[in-house]
Amino acid sequence: MSTERGTPLVEMRDISIAFGGIKAVDHVSIDLHPGEVVGLLGHNGAGKSTLIKCLSGAYQMDTGEIFINGARAEIRNPRDARALNIETIYQTLALADNLDAASNLFLGRELVTPAGFVDDARMEAETRRIMGRLNPNFRKFKDPVKALSGGQRQSVAIARAVYFNARILIMDEPTAALGPQETQMVAELIEELKAQGLGIFLIEHDIHNVMKLCDRASVMKNGQLVGTVNVNEVTDEDILGMIILGKKPDGVAG
Amino acid sequence: MTQSANRQTQGAKRSLFQTLELDTRLLGMIGAFVLLCLVFNIVTDGRFLTPRNIFNLSIQTVSVAIMATGMVFVIVTRHIDLSVGALLATCSAVMGVFQVQLLPQALGLGIGHPLIAPVTMVAGMATGALIGAFNGWLVGYQRIPAFIVTLGGLLVWRNVGWYLTDGQTLGPLDSHFLLFGGIEGTLGATLSWIVGIAGAGFAVWVIWRARADKLGHEFPVKPAWAEVTLAGIASAAILGFIWILNSYEVPAARLRRAFEARGETMPEGHSEAFGLPVSVLLLLIVAVAMTIVARRTRLGGDIFATGGNPGAAQLSGINTRLLTVKVFALMGFLCGLSAIVAQARLANHTNDIGTLDELRVIAAAVIGGTALAGGIGTIYGAILGAVIMQSLQSGMAMVGVDAPFQNIVVGAVLVFAVWVDIQYRKRTGEKV
């Protein structure tokens with residue numbers, strides 16, 4: 001199915017990366033199309049986060065190739081990834097606790113006045129604008145983000161990815177620290193971004209979220225790709241079987 | 001929602017300080033400083049708070065305070081620099097060699113040539129920036145802990161300074177260079193008032209500008225009377241300081257010598273005030289510049305973000321290694337600048353210049369509220385920390401406290417200040 005839809009937004013071919021003697025990612029290939037959510041599943045230590053960090057520039061792969069819109073891309077560091085409109089929301093949120101929401105939103109990409117000085121007022125205004133859309137209850141614009149709840153922090157992290165017109169979004173367990181209402185908020189946001197044509201890699205442990213949010217699911221075990229399935233052609237038991245047994249169910253096309 | 005509702009019900013009860021949006025930490029420090037001055041003033045029978053002693057305190061504080069502003073950035077990025085005193089000695093040695101031997105003799109400019117002072121200063125500051133950048137490279141790119149790099153640097157650079165001068169005291173210094181030392185270079189009454197009025201005007205403009213910015217984006221602002229009060233306090237503080245410095249008159253004997261040197265005789269009843277020392281003006285410029293860097297530039301944003309969460313900063317595309325080089329280079333540059341002031345104040349390069357300054361500088365930054373865990377610190381806090389340390393030391397000397405007790409008290413105050421800070425942060429619910 002995926003092969004019929006033209007050039008993928010992201011294609012990671014034959015990626016390998018080893019730490020010491022351990023092959024964290026072992027010849028894995030995955031792809032992602034515009035307007036699609038691809039779930040990345042597997043036990044802790046299966047290599048999902050490591051694989052995705054090669055795309056976000058946090059790690060450098062040992063071998064393999066990454067194609068963005070069919071063109072070969074060199075991603076050496078997070079700056080390269082950002083330049084390709086790849087935004088990442090990390091499990092650990094990657095916020096600077098001592099700074100307020102606006103400073104975190106514009107971390108490393110501050111808005112400046114014509115004279116070259118940081119434009120705090122405009123940054124706060126932009127933050128208020130985007131938070132009004134993502135999380136209208138958000139009020140703590142002046143406090144350092146360590147004073148915020150898990151959900152509020154998550155909305156700052158998401159706002160950061162969304163604000164800069166990401167085309168490719170990587171979300172590493174975006175709902176892990178959230179309550180049901182906030183989880184719902186994130187789910188709605190994912191639907192909205194998908195409708196806007198973004199491609200989203202979603203690392204997720206909760207199988208119900210995967211069934212609900214993802215179009216396809218790629219399952220990894222011990223650094224290797226078990227397989228990729230269309231979510232609407234399988235049951236949640238099938239996917240759990242792939243995660244636990246490391247085997248693709250019979251009769252399922254990838 | 002509950003938060004904003006709470007705020008509204010409490011609105012009527014908001015205290016004066018909250019309305020003024022003043023930093024309570026800063027107020028606490030100023031309170032402690034005022035108390036300290038009053039106690040010393042009583043014990044010394046009013047000798048502590050004289051224009052003369054305040055003048056002396058200001059010029060004694062400058063060297064450490066300049067370096068403390070740089071140390072804020074170093075500590076905010078979770079590093080430390082133990083080599084600033086040694087770096088100051090090396091910069092001072094280079095400048096001593098330049099202005100006493102190299103430029104006037106080897107290059108034949110002759111003593112008193114107007115190029116000597118600027119060339120010497122550029123050489124000193126460039127030396128500091130280069131060595132600082134090298135330290136930063138070792139820390140940032142080679143991943144050697146800053147503690148080790150600068151502990152080694154403490155030995156290396158103090159003795160490089162020694163080697164450059166063979167341990168000799170270098171002097172006399174260039175007459176223009178001496179203007180940066182303090183008492184040899186003051187602006188006089190009129191110029192001091194002009195600087196003071198300009199400074200007060202600048203403070204008012206900054207406050208007004210910030211308010212206009214907020215109004216432009218329709219953010220909530222303080223009531224107008226609060227802004228006016230703040231502007232009034234700032235202007236009064238600046239002009240008051242100038243007034244005190246202008247009250248310190250040049251001793252008659254010194255004036256008479258100055259007149260005689262010009263071949264004139266001093267008219268009867270003539271008097272002159274010292275006014276604002278050039279070195280103190282230099283510190284004020286550094287303070288404003290460093291505050292702008294901290295608050296209004298991307299470099300400052302990167303520094304505080306990296307201190308708060310280095311991993312997040314790196315993932316956000318901040319080049320944290322290069323940032324480390326920049327922070328240490330800036331620290332080194334400020335050591336060079338401090339070396340100008342310290343050397344000019346002593347009127348010589350001496351081999352032991354800047355000894356133990358690293359401890360004073362770190363203590364000033366820490367007393368000023370810079371958190372060793374990183375991410376938190378202010379420039380004005382560090383300068384106030386330096387002023388408090390210097391006041392404590394000079395006050396005790398005036399009172400006649402024995403030398404060992406002076407150091408015991410300073411050490412104890414450092415530990416106590418950090419303890420108070422921890423208690424304060426616990427109460428305000430910050431993570432310690």
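The largest cavity in this predicted model is lined by 13 residues, and R82(A), E87(A), T88(A), Y90(A) and L315(B) sit nearest its centre. Helices here are DSSP runs of H or I with at least four residues, strands are runs of E with at least two, and both are numbered from the N terminus. Sorted by class, the lining comes out as 7 nonpolar, 3 polar and 3 charged residues; Ala, Val, Leu, Ile, Met, Phe, Trp, Tyr, Cys and Pro count as nonpolar, Asp, Glu, Lys and Arg as charged, and the others, Gly among them, as polar. The volume of the largest cavity is about 120 Å³. On a 1 Å grid over the protein atoms alone, a cavity is a set of points where a 1.4 Å probe fits but cannot get out, a pocket is an open set with protein on both sides within 12 Å along at least five of seven lines, and lining residues have an atom within 4 Å of a point. Points are joined across faces, edges and corners, and a volume is the space filled by probe spheres set on them.

As for numbering and cut-offs, residues count from 1 along each chain as its sequence is written, while chains are lettered from A and ligands numbered from 1 in the order in which they are written. Local features need pLDDT of at least 70, side-chain atom pairs count only at pLDDT 80 or more, totals for chains, interfaces and linings use all residues, and side-chain values use heavy atoms, with hydrogens and water left out.

The search of the whole structure turns up 2 cavities of 30 Å³ or more. Helix α16 (residues 379-399) of chain B gives the most here, with 3 residues.

Helix α16 of chain B turns up again in the second largest pocket, where α12, α15 (357-367), α16 and α17 (403-427) of chain B each supply at least two lining residues. This pocket has a volume of about 780 Å³; 33 residues line it, and V366(B), T370(B), A371(B), L372(B) and V418(B) are the closest to its centre. The most, 9 residues, comes from α17(B). By class, the lining splits into 17 nonpolar, 9 polar and 7 charged residues.

Turning to the interface, 32 residues of chain B are in contact with 33 of chain A, contact being heavy atoms within 4.5 Å. The two chains bury about 2500 Å² between them, 58% of it on carbon and sulfur atoms; buried area is the accessible area (1.4 Å probe) that two parts lose on being put together, summed over both. On the chain B side, R296(B), R298(B) and L315(B) lose the most area, together 26% of what that side buries. R298(B) also pairs with E110(A) in a salt bridge at 3.4 Å, N to O, where a salt bridge is a side-chain nitrogen of Lys or Arg within 4 Å of a carboxyl oxygen of Asp or Glu. The rule finds 1 salt bridge across this interface. The largest share of the side of chain B that touches chain A, 6 residues, comes from α12(B).

Most residues other than glycine have a negative phi, and most peptide bonds are trans. G171(B) and P172(B) are joined by a cis peptide bond, with omega about -5°, and P172(B) is in the loop between α7 (146-165) and α8 of chain B. In chain A, N69(A) has a positive phi, near 55°, and lies in the loop between β4 (63-68) and β5 (71-73).
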